Amino acid sequence: MLSGIKVLDIGSGVSSGYCSKIFSNLGAQVIKIESAKGDSLRYMGPFPEDKFHIEKSAMHLSLNMGKHSIVLDFNNKVDIENYLRLSSKVDIIIENHPLGELDKLGIGYNNIKNINKEIIFTSITPFGNEGPYKNYKLTDLVLFHMAGHSHGLLGPVENPEIVAPIRAGGYQAEFVVGMASATATMIALYRKISKNKGSHITISSFESMVTQLISGLANCAYNKPVPSRDLNLQKEASVGGMVTAIGGILPCNDGYVAISPREDAQWERWLQVMDSPEWANQDRFKTREGRQDNYKDLWDLISEWSINKSKFDIARKGQDKRIPCFPVNTIEDLMTDKHLLEREFFIELDHPYVGSLKYPGVAYKLSNAPKYTNKFSAPVLGQDNSMLAELIGDLNE
């Protein structure tokens, strides 16, 4: 879809890496400009056998697949000249350097637009280029907490004064920022193609995450309180492993299954899945209110039934009865999932240092674009330095 589009990723880490990967997935040529130390993704791991190797980080292998790697030193005049020549005719530059750093080096947006009027220059910043926080630093941990998302994790707890909120695992906040950056850049690319105009996009990571607080912001808009973290005050919740009458997680002989027979009619159909156990006739379980008041005993009884059964069998039978019900999949389950296999979601790529590995593909199919089969593995640091003269030559022609 983006064949012929050239992207320079001069950033480091998850946000810029994921942003430029989205463009690579769509067929753009993405050139990763790295320092001699390499992209910080190369140091993030995990690593095979927990042994560090600059070429074997899973984060690097995943987010930098399909890209080229050229090493340039932005403190070196010759390298800066080569970078400026390279950037003179590309379509997009993506960066997440500290605010103002590139301007001091003479390679910021104002410098680039003088030699490339149609450049799309995407700056991923912690808090934008204005406001009281603009010079603050940011990590995924800080971003997740500042943006209000940790308030809902672990969900309702018995004593919120003792059990503190936590952030989600991995680098989910930075992935959201990368996606927001790619979305804005794609809009700018449409404008460039249709009107021959470039732009400078300044992404606020903080605001990218705040916009994801859909339900909480809606509550405030309607003058309603945000959900309480106090389990005694939050009866209608099934988050973070907590269970109530409206649903939760059941143990199985091969993992866990999630169910949610919320309404009385759904509960009656769920009892059919369980072959109508005798205890279901007890008065305390006949209404939703009764099940809610006695949910701990209820869940113990259901768990005694589920523990000897497969999560996949329970999920299939529950879905046949039109009950929200699904297996809690592990990574191993996904690797053998028949739906993902049929859609050829995972692709296999060879890498000179880690060999053949399966990688997640993309979540879409394009009717007018080739299958996701022309990708190559993440580059070895500086492996495409020899391309620099050729690229500059091609761009100058």
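Student: Which elements make the right-handed β-α-β unit in this model?

Tutor: The model is predicted. In it, strand 1 (residues 6-9) and strand 2 pair in the parallel sense over 4 bridges, and one of the bridge pairs is Leu8 with Ile31 of strand 2. The right-handed unit is made by strand 1, helix 1 and strand 2.

Student: In strand 4, which residue is the bridge partner of Asp9?

Tutor: Strand 1 is joined to strand 4 by 3 bridges, and these two strands run parallel. Asp9 has its bridge partner in strand 4, namely Ile94.

Student: What is the order of the strands in the open sheet?

Tutor: Strand 1 pairs with strand 2 and with strand 4, while 5 bridges join strand 2 to strand 3 in parallel. The sheet is open and holds 6 strands with parallel pairing, in the order 3-2-1-4-5-6.

Student: Which are the edge strands, each pairing on one side only?

Tutor: The order of the open sheet is 3-2-1-4-5-6. The strands that pair on one side only are strand 3 (67-71) and strand 6.

Student: What angle does the direction of helix 3 make with that of strand 1?

Tutor: Helix 3 (residues 77-87) packs on the sheet and touches strand 1, strand 2 and strand 4. The direction of helix 3 makes an angle with that of strand 1 of about 150°.

Student: At what angle to strand 6 does helix 7 run?

Tutor: Helix 7 (residues 172-195) has 24 residues and reaches 35 Å from its first C-alpha to its last, close to the expected 34 Å. Its buried residues include Ala173, Val177, Ser181 and Leu189, and what covers the buried residues of helix 7 includes helix 1 (14-25), strand 4 (92-95) and strand 5 (120-125). Helix 7 lies across strand 4, strand 5 and strand 6, and its angle to strand 6 is about 160°.

Student: Which residue just after helix 7 takes a positive phi?

Tutor: Helix 7 covers residues 172-195. The phi of about 60° just after helix 7 belongs to Asn196.

Student: Is Arg42 buried or exposed?

Tutor: Arg42 is found in the loop between strand 2 (29-34) and helix 2 (58-63). Apart from neighbours within four places in sequence, Arg42 is in contact with residues including Glu34, Phe47, His60 and Val380. Because the relative accessible area of Arg42 is 0%, the residue is classed as buried.

Student: Which side chain makes a polar contact of 2.7 Å with that of Arg42?

Tutor: The side chain of Arg42 reaches the backbone oxygen of Ile54 at 3.4 Å. The side chain joined to that of Arg42 by a polar contact of 2.7 Å is that of Glu55.

How values were computed. Residues are numbered from 1 along each chain as its sequence is written. This is a predicted model: local features need pLDDT of at least 70, side-chain atom pairs count only at pLDDT 80 or more; totals for chains, interfaces and linings use all residues. Side-chain values use heavy atoms; hydrogens and water are left out. Buried means under 20% relative accessible area, exposed over 50%, partly exposed in between (1.4 Å probe, protein chains only). A polar contact is a pair of N or O atoms within 3.5 Å; within protein, one must be able to donate a hydrogen and the other to accept it, and residues adjacent in sequence count only if both atoms are side-chain atoms. Contact means heavy atoms within 4.5 Å. The expected span of a helix is 1.5 Å times one less than its number of residues. Two strands pair if DSSP finds at least two bridges between them. A crossover is right-handed if, with the strands pointing away from the viewer, the path from the first strand over the helix to the second runs clockwise. Axes are lines fitted to C-alpha atoms, for helices over the stretch in contact, and angles run from 0 to 180 degrees between N-to-C directions.
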